[in-house]
Amino acid sequence: MTQATSPARPKPRLSFWEIWNMSFGFLGIQFGFALQNANVSRIFETLGASVEAIPILWIAAPVTGLLVQPVVGYFSDRTWNRLGRRRPYFLGGAIFASLALIAMPNSPALWVAAGMLWIMDASINVSMEPFRAFVGDNLPSEQRTTGFAMQSFFIGTGAVVASMLPWMLTNGFGVSNEAPEGVIPDSVRLSFYLGAGVFFLAVLWTVFRSREYSPEEMASFEENQEREAAAPELTTEAEYRKRGRTQVRWGAGLVLVGAGASWWLHTRELAEPMVLSIGLGVLGLFLVLSGRLQVAGRHDGGFVTILNDLQDMPRTMKQLAAVQFFSWFALFAMWIYTTTAVTSHVYGTTDATSALYNEGANWVGVAFAVYNGVAALVAFGIPVLAKATSRKAAHAICLVAGALGLLSVFVITDPLHLLFSMVGVGIAWASILSMPYAILTGALPPSKLGYYMGVFNFFIVIPQIVAAAILGGVVGWLFDGEAIYALLIGGGSLVLAAGLTMGVEDRDEVGGAEPGEV
């Protein structure tokens with residue numbers, strides 16, 4: 001990192017509207033993600049995919065995030081040009097993501113649609129990853145909670161509007177929701193076109209209506225100097241060789257475990273969890289290669305730096321990783337099983353062709369819109385709660401609210417009451433999207449902020465894969481296939497995450513500013 005040429009100074013506070021402008025691009029990003037999440041399975045099925053094949057096709061999303069986000073973060077940490085540090089990636093990702101959104105509903109065949117999902121997800125990740133680091137770059141500690149809460153607001157708003165867009169076009173504007181076999185309906189096609197425009201224009205607003213500090217300015221901020229000084233660094237050849245030998249040993253072990261687990265899963269035709277076992281093996285190979293390079297004295301390249309930084313994750317990040325794992329495990333349990341749980345437990349039907357089942361499935365869509373709307377509404381209340389208590393306490397309280405929301409579904413008999421459950425989920429969702437990042441940023445060296453924010457995404461993706469791999473078996477074996485128990489498991493997982501939150505070391509220990517104070 002460039003050394004400061006002037007006395008250390010505090011990082012300036014930004015106004016509410018400056019924080020608004022720097023976060024506005026997230027509205028477009030969430031538009032893209034919400035359209036993808038709500039409609040891509042529909043596109044796959046329209047183009048001939050079987051229900052059993054859809055999870056494999058969807059594996060593109062988490063795998064792409066694992067690969068793209070740390071790499072983009074690493075390079076954005078080292079970028080500086082006329083557009084700044086993070087903004088070139090916002091713009092580049094937005095261009096390709098918008099083009100992919102236009103192309104996706106025009107896919108002529110299933111393999112084209114699957115390929116477009118990879119391109120679209122990679123492009124969205126290129127835009128999204130630096131936005132988290134953008135808040136850490138630009139805001140002082142006391143404003144970070146508000147900055148990430150602003151992102152939660154735009155995520156909730158974008159999710160509600162984009163998820164309902166095909167329905168609104170059909171019911172409000174008469175756009176056809178039906179099409180011949182193998183053809184994407186006009187309502188979906190037009191939704192993706194509108195989403196492409198919103199994505200590009202929202203990101204463009206942030207690119208041209210916000211600014212970034214130069215490397216010299218970043219180096220002059222007092223809190224940045226303190227965080228850089230606390231970061232571990234290898235400085236001697238002996239330290240690199242010692243680290244290299246350790247990585248070779250650990251890497252070889254991971255290769256053996258990954259290969260053995262992959263073979264076992266393959267013999268039992270369990271494809272989805274093989275992503276984890278193969279990932280372990282690939283990580284092991286990377287560690288072996290990095291270790292051998294360091295033993296040979298070749299430690300200056302980006303590859304070795306990335307692997308060493310992964311090993312040197314700050315303590316706070318490791319603690320938050322556990323919180324994130326159980327938080328996102330609960331969310332994926334909810335996303336996967338709520339429709340089945342509500343239709344069977346509340347509506348009393350398991351016949352997917354019945355009118356009652358489809359009524360229940362539609363009501364789940366409304367419930368999900370409610371929790372996203374609640375997240376948008378309460379986003380600015382979380383900094384107030386953090387100011388009154390602490391970041392950790394505020395996050396734990398919100399997670400418990402989410403747990404109560406999921407657990408309450410078990411006792412619901414009136415579908416209308418499901419909306420009250422989703423209020424608790426929305427409170428948790430708003431905090432999950434903001435508070436861990438606000439706590440984490442204060443523990444990261446500014447020169448590696450983008451990279452570590454990308455690595456932090458691992459602890460969102462891994463629980464997604466674990467949930468997909470084990471929940472089906474758990475619900476089938478232990479609960480006779482009753483999906484409502486998956487929601488109870490999710491509620492328990494959020495309670496565990498809340499307890500782990502209270503053990504996290506928040507180096508700033510500063511509550512967020514109220515919206516009126518920013």
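Helices (H or I, at least four residues) and strands (E, at least two) are DSSP runs, numbered from the N terminus. The model is predicted: local features need pLDDT of at least 70, side-chain atom pairs count only at pLDDT 80 or more, and totals for chains, interfaces and linings use all residues. Residues are numbered from 1 along each chain as its sequence is written, and side-chain values use heavy atoms, with hydrogens and water left out.

**Figure 1. Overall fold of the protein chain, with 22 helices and zero strands.** The C-alpha atoms fill a box of roughly 70 × 55 × 45 Å along the principal axes. The radius of gyration, taken over C-alpha atoms, is compared with a globule rule of 2.2 Å times the number of residues to the power 0.38. For 518 residues a compact globule would have a value near 24 Å, and the 23 Å of the protein chain agrees with this. Of the 518 residues, 54% count as buried; buried means under 20% relative accessible area, exposed over 50%, and partly exposed in between (1.4 Å probe, protein chains only).

**Figure 2. Nonpolar surface patch of about 610 Å².** The patch is made by Ile 95, Phe 96, Leu 99, Ile 102, Leu 190, Tyr 193 and Leu 194. Helix H5 (87-103) and helix H8 (186-209) are the elements that give two or more residues to the patch, and H5 gives the most, with four. Phe 96 is found in helix H5 and counts as exposed because its relative accessibility is 54%. Patches consist of residues with over 30% relative accessible area and no salt bridge; like charges are joined within 9 Å, and nonpolar side chains (Val, Leu, Ile, Met, Phe, Trp, Tyr) within 5 Å. Accessible areas come from the Shrake-Rupley method with a 1.4 Å probe; for residues, only the protein chains shown count as cover. A salt bridge is a side-chain nitrogen of Lys or Arg within 4 Å of a carboxyl oxygen of Asp or Glu.

**Figure 3. Positive surface patch of Arg 241, Lys 242, Arg 245 and Arg 249.** Arg 241 lies in helix H11 (residues 237-267) and is partly exposed, with a relative accessible area of 34%. Lys and Arg count as positive and Asp and Glu as negative, whereas His and the chain ends are not counted. The place of a charge is NZ of Lys, CZ of Arg, CG of Asp or CD of Glu.

Figure 4. Trp 205 counts as partly exposed, at 36% relative accessibility. Between Trp 205 and Gln 319 there are 35 Å in space, C-alpha to C-alpha, and 114 residues in sequence.
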